[in-house]
Amino acid sequence: MGATARISNGICLDINPEGCKRLVVEQIEAMKRSPALQKGPRSVLILGSSGGYGLSSRIVAAFGCQAPTLGVSLERSPCEKRLGSPGFYNNAAFDEAAQQAGLKAVTLQGDAFSDATKQLVVEAAREHAFEPFDLVVYSLASPVRTDPVTGTVYRTTIKPIGKPTTGLTINLTNGQLKELSLPQATEEEVIGTIKVMGGEDWLLWLKKLQQEGLLAPNVKTVAYSYIGPVMTNDIYRSGSLGRAKAHLEATAHDLNALLKPMGGSAFVAVCKALVTRASSVIPAMPLYIAALFRVMKDMGLHEDCFAQMNRLFRERLYGEGPVAVDNDGRIRMDDWELRQDVQEKVTEIYKKVTNENVWSLVDFDGYQNDFLALHGL
Ligand SMILES: NC(=O)c1ccc[n+]([C@@H]2O[C@H](COP(=O)([O-])OP(=O)(O)OC[C@H]3O[C@@H](n4cnc5c(N)ncnc54)[C@H](O)[C@@H]3O)[C@@H](O)[C@H]2O)c1
């Protein structure tokens, strides 16, 4: 790894703006090399557009479908004393490339949970003459949300429910295994996590856009979720964050009821575990992702955020026939991750891994490179 990168609790303190730009341009180039999409959206709002799955969704919509895009994210602008956050430079790189390609792109910074930002988006959509949106991507991952009605501040907590748990992860600075031990979440922490990462705000967005006449008759909206394997179950899916994801998934049903009269539909896409700024702070994820990368790369099944979103648009949201969903109505982009043969191999790694063999058994380099690349390093 870059010998000088400073990492603390899954957060990298260094950043290289030029490197951030390079990563965005690489995704755009990959999109241009990909066969043209036969169908796609014509006017797109992306909430959480500056990194990870949201940024890749925007790149596929803009450079794959030639759609005008309005992106919203919460990033730190640079100031005299320090650089901005990576997403600030990602946004700038996207805007520059879109402008060069003659694609309409408007990027707003603001707290997407607030009424003020919702109003700002409505005004920007009118000012820049966006057609009513026929795709709204909800890709927020946040540690905190202020309820717009009560002003109460809620926080995301990532803990198991019902009992404490232990687990194994990998220390990003030295590549050594680390035992984790997490206390169970309090009821208040579970409620807070649902408030931030559940579907309440997604529903508020769609209601607001509908009231303002900014949804096209056949609008689609999609939010991203995660399920994962047995080894992350206590910490993720059965834990406080998983409860929020279950709420997000249930909200898709409410949204379907809201949008059905106008021919619209709502989806949750369950995506693959990947290295993003949000996922790197989830306990136990680094070891699982490094093991998963080893297996999926060896089997020729590996995808990054861009490949996941390219497949989502091409084969699911805008594929032939009705959108393929599971029994709970979810689009399963984690179909390859959760394949039985993939998970059997990951389980084998977990049985064997020690500090002596960890570097040969898991793709620590791959994990670390992706992590540093998020910061342009
Ligand atoms: N990374 C994974 O492994 C993974 C897997 C499956 C699903 N997901 C889901 O995908 C979604 C996106 O996560 P990601 O991993 O791409 O994260 P990310 O950290 O790369 O992106 C999060 C985005 O949310 C924006 N954001 C955060 N708070 C905001 C606020 N208050 N107002 C406006 N914008 C705000 C950030 O600016 C950023 O654009 C999340 O719902 C996450 O749970 C992620």
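The points below go from the overall fold to the core and then to the ligand.

1. A reminder before anything else: this is a predicted model. The chain is built from 12 helices and 13 strands.

2. On overall dimensions, the C-alpha trace spans about 60 × 45 × 45 Å along its principal axes. The radius of gyration is 20 Å, which agrees with the value near 21 Å that a compact globule of 377 residues would have.

3. How much of the chain is buried? Buried residues come to 47% of the 377. As for contacts with a separation of 6 or more, 76% of them are accounted for by residues 24 or more positions apart.

4. The largest nonpolar core holds 106 residues, and within this core Phe133, Val136 and Ala269 touch the most other members. Helix α8 (residues 285–298) gives the largest share of this core, 10 residues.

5. Leaving aside residues up to four places away in sequence, Val136 touches Leu45, Trp205, Leu206, Leu209, Val219 and Thr221.

6. Now the ligand: which residues come nearest? Of the 29 residues around the ligand, they are Gly48, Gly51, Gly52, Thr276 and Ala278.

7. Three elements, α2 (52–65), β4 (69–73) and β11 (215–225), each supply at least two residues of the shell around the ligand. The largest share comes from α2, with three residues.

Key: Residues numbered from 1 in each chain as written. Predicted model: local features only at pLDDT ≥ 70, side-chain atom pairs only at ≥ 80, totals over all residues. Core = buried A, V, L, I, M, F, W, Y, C linked by C-beta atoms within 7 Å. Buried ≥ 20, exposed ≤ 12 C-beta atoms within 10 Å, placed from the backbone. Helix = DSSP H or I, 4+ residues; strand = E, 2+ residues; numbered from the N terminus. Contact = placed C-beta atoms within 7 Å. Rg over C-alpha atoms; globule rule 2.2 N^0.38 Å. Near = placed C-beta within 6 Å.
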